Amino acid sequence: MHLVRCKILKPIFWLFITFGCVGVLSARGAVNPDSIMTAKQVRVDLNHDGLPDLMEDTVTVSGRATVASGLLNEQFLQIFIQSGDAGLSLFRRSILEPVQPGDSIVARGIVGMYYGLTELKLESYRVIPSERKLPEPVKVNEALEDKEKYEGMLVTGQGTIINTGSNNNGKYL
C-alpha cells in the first residue's frame, strides 16, 4: 500500500485529522475516501433481522484499535476498532502488521457474523502512521444495559477475577 494526499476531508474521517488528509492506495488502485465507512455504518440493521444489511459485502472501514494484535489470539489477527459511537471486530488468519491500542486502522474485508458478533473478515489492513489515541471507554454497567449498541467498544469497570486460562483462541479472564 502507498499513501497519497487528498483534498477533501469528511467528518467520518476524524482519525485522519491527526496527520493530515490521507487516502490509501492498494494494489487494485486508489480507494475513494468517500467509500471508507465507520463501524456504525457497517453494522446497520435497518430490517431488524439481527444481521448487518451489508452482510457478505466487501467494505473499507476506518477506526482506532482498542486492543493489540496477539492479545486475543496469538496466531490470528483478532482486534476491535472503534469509530465514533460504534465498534467492530476485525479478523484475519495472519498478523501482517502489529497493531497497538490507539493505532489508526484502515481495513478492507467481507462483512460477516461470528457467533452473533459482527465481524469484518479482512482481505487487507493498514496501520496509518499517526499519534495513538484510544477512544473514551464506556462504563461497563452502561454497556451491559444495551449490549448490541456497545458491541465491539472499549469499556471500563471494576470487578474480581475468579479464573484465568487459555484455549485455542488465546487467553481469558
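Biologist: What do the numbering and the cut-offs rest on?

Modeller: Residues are numbered from 1 along each chain as its sequence is written, and side-chain values use heavy atoms, with hydrogens and water left out. In this predicted model, local features need pLDDT of at least 70 and side-chain atom pairs count only at pLDDT 80 or more, while totals for chains, interfaces and linings use all residues.

Biologist: How many salt bridges does a search of the whole structure find?

Modeller: A salt bridge here is a side-chain nitrogen of Lys or Arg within 4 Å of a carboxyl oxygen of Asp or Glu. Side chains of opposite charge can pair when their charged atoms come close. Across the whole structure, the number of salt bridges found is seven.

Biologist: How many residues apart in sequence are the parts that E148 and R43 tie together?

Modeller: The side chains of E148 and R43 form a salt bridge, with N to O at 3.5 Å. Helices (H or I, at least four residues) and strands (E, at least two) are DSSP runs numbered from the N terminus. E148 sits in the loop between α2 (140-145) and β11 (155-156) and R43 in helix α1 (residues 39-43), so the parts they tie together are apart in sequence by 105 residues.

Biologist: Which residues are linked with R43 in a network of salt bridges?

Modeller: E151 also has a salt bridge with R43, the closest N and O atoms being 3.5 Å apart. E151 lies in the loop between α2 and β11, so this pair ties together parts 108 residues apart in sequence. The residues in the network with R43 are E148 and E151.

Biologist: Is E151 buried or exposed, and what is its relative accessible area?

Modeller: Buried means under 20% relative accessible area, exposed over 50%, and partly exposed in between (1.4 Å probe, protein chains only). R43 is buried at 13%, whereas E148 is partly exposed at 49%. E151 is buried, with a relative accessible area of 10%.

Biologist: What is the distance between the closest N and O atoms of D103 and R132?

Modeller: D103 is in the loop between β7 (86-92) and β8 (104-114), and R132 is in the loop between β9 (117-128) and β10 (138-139). D103 is buried, at 6% relative accessible area. The two residues form a salt bridge, with the closest N and O atoms apart by 2.6 Å.

Biologist: Which residue's backbone oxygen does the side chain of S83 reach?

Modeller: S83 lies in strand β6 (residues 77-83) and is buried, with a relative accessible area of 3%. At 3.5 Å, its side chain reaches the backbone oxygen of S62.

Notes:
A polar contact is a pair of N or O atoms within 3.5 Å; within protein, one must be able to donate a hydrogen and the other to accept it, and residues adjacent in sequence count only if both atoms are side-chain atoms.
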